[in-house]
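Student: I have a model open and would like to know what stands behind the labels put on it. Please go through them with me.

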Amino acid sequence: MDEFIRLYDEFIRFYNGKESLVCEGGQAGVDEMGLIQNIREEIQIIKERDPAIHSSMEVFLYPSFKVMMHYRIAHKLYLKKHFFLARYISQRGVRKTGIEIHPGARIGKGLFIDHGNGVIIGETAVIGDNVTIYQGVTLGGTGKEHGKRHPTVEDNVMISAGAKVLGSFTIGANSKIGAGSVVLSEVPPGSTVVGVPGRVVRRNNQALPREDLDQALPDPVREDIAGLMRANTELTNRLLALEQEIKQLKGQEGKRPADMKVEFKGQGI
């Protein structure tokens with residue numbers, strides 16, 4: 001925390017101590033009056049979504065808190081086209097937390113990165129308000145193209161551990177991305193996505209992901225296997241019943257008198 005305050009003071013002096021560091025897109029900025037408010041918001045976010053925290057002081061040890069403090073300053077420098085200084089601040093945050101947020105990314109209020117190690121957020125990524133991201137998540141591109149090449153994540157989205165969201169498309173508000181999923185296309189609002197490649201397995205989620213943080217998502221592979229097992233059981237039972245009927249018919253044929261004839265009635269017989 002002392003190092004952050006020192007860096008903050010340096011850049012406040014760099015901007016004559018008066019210039020606001022409010023970012024674009026309704027982002028929570030960092031200015032002289034807003035520093036304490038920003039810290040309070042980060043404390044509230046972490047306490048709201050992490051049941052393992054027991055005191056406000058613990059927040060200062062959280063990777064999510066540290067990296068967001070670095071990001072807010074780096075992003076302002078990026079907007080001022082001080083790209084080297086922005087990268088410098090950003091990379092200090094990476095070394096301390098294992099979370100890499102490009103200074104050009106646009107991030108709203110209330111982002112919580114739980115655990116955080118291995119999280120990567122690309123330059124043109126856009127993240128809305130109250131988004132929760134778990135360790136190992138990548139918001140990346142799919143090639144060397146220029147322009148908008150990273151995903152847009154709308155408000156109240158939860159992205160579970162190890163998920164990869166690759167390309168320039170939108171993850172709709174109030175959606176959930178399952179652990180280990182690879183999402184390569186648009187996700188409608190209120191959806192649950194799982195699998196590789198990711199597919200929508202549920203629509204119109206009711207509770208906000210940031211409130212319940214429920215990661216017990218449907219498993220489409222298990223559901224498909226369970227369906228095949230049910231179908232196999234039904235076919236096996238029908239086959240056994242058919243074998244039993246054949247045995248009964250053979251038994252009845254053996255008991256018939258020698259002169260007994262079977263009459264067939266029908267067209268052409």
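Tutor: The protein exposes about 15300 Å², and 54% of that area is supplied by carbon and sulfur atoms. Keep in mind that this is a predicted model.

Student: What share of the protein counts as buried?

Tutor: Of its 269 residues, 43% count as buried. The protein has six helices and 15 strands. Among contacts with a separation of 6 or more, 41% are between residues 24 or more positions apart.

Student: Why is F65 called buried?

Tutor: The relative accessibility of F65 is 2%. Buried requires a value under 20%, so F65 at 2% is buried.

Student: How do you know that F60 and F65 form an aromatic pair, and what makes the pair edge-to-face?

Tutor: The centres of F60 and F65 lie 5.2 Å apart, with 85° between the planes. Ring centres have to be within 6.5 Å to pair, and planes over 60 degrees apart count as edge-to-face.

Student: How many aromatic pairs does the structure hold?

Tutor: The structure holds two aromatic pairs. In the pair of Y78 and F83 the centres are 5.2 Å apart and the planes stand at 65°, so this pair is edge-to-face. F83 has a relative accessible area of 41%, so it is partly exposed.

Student: What makes E48 and R49 a salt bridge?

Tutor: The N to O distance between the side chains of E48 and R49 is 3.9 Å. The limit is within 4 Å, so the pair qualifies as a salt bridge.

Student: Are E48 and R49 buried or partly exposed?

Tutor: E48 has 42% relative accessibility and counts as partly exposed. R49, with a relative accessible area of 4%, is buried.

Student: How many salt bridges does a search of the whole structure find?

Tutor: The search finds two salt bridges. One of them joins the side chains of R149 and E123, at 2.6 Å from N to O. R149 is in the loop between β7 (138-140) and β8 (152-153), and E123 is in the loop between β4 (120-121) and β5 (126-127), so the pair ties together parts that are 26 residues apart in sequence.

Student: Why is R149 called buried but E123 partly exposed?

Tutor: The cut-off for buried is under 20%. R149 has a relative accessible area of 18%, so it is buried. E123 has 22%, so it falls in the partly exposed class.

Student: What is in the largest nonpolar core?

Tutor: That core has 28 residues, and those with the most contacts inside it include I101, I121 and I133. Helix α3 (residues 63-79) gives the most to this core, with three residues. A second, separate core has 10 residues, among them I43, I45, V59 and F112.

Student: Which residues does I121 touch, leaving out those up to four places away in sequence?

Tutor: I121 touches E100, I101, H102, A105, I127, I133 and L139.

Student: Which residues make the nonpolar surface patch, and why is V221 called exposed?

Tutor: V221, I225 and M229 make a nonpolar patch of about 300 Å². V221 is found in helix α6 (residues 220-254). Exposed requires over 50%, and V221 has a relative accessible area of 53%, so it is exposed.

Key. Residues numbered from 1 in each chain as written. Predicted model: local features only at pLDDT ≥ 70, side-chain atom pairs only at ≥ 80, totals over all residues. Heavy atoms only, no water. Core = buried A, V, L, I, M, F, W, Y, C linked by side-chain atoms within 4.5 Å. Buried < 20%, exposed > 50% of the residue type's maximum accessible area, 1.4 Å probe, protein only. Helix = DSSP H or I, 4+ residues; strand = E, 2+ residues; numbered from the N terminus. Contact = heavy atoms within 4.5 Å. Patch = residues over 30% accessible without salt bridge, like charges linked within 9 Å, V, L, I, M, F, W, Y side chains within 5 Å. Areas by Shrake-Rupley, 256 points an atom, 1.4 Å probe, with all protein chains shown as cover. Phe/Tyr/Trp six-rings, centres within 6.5 Å; stacked < 30°, edge-to-face > 60°.
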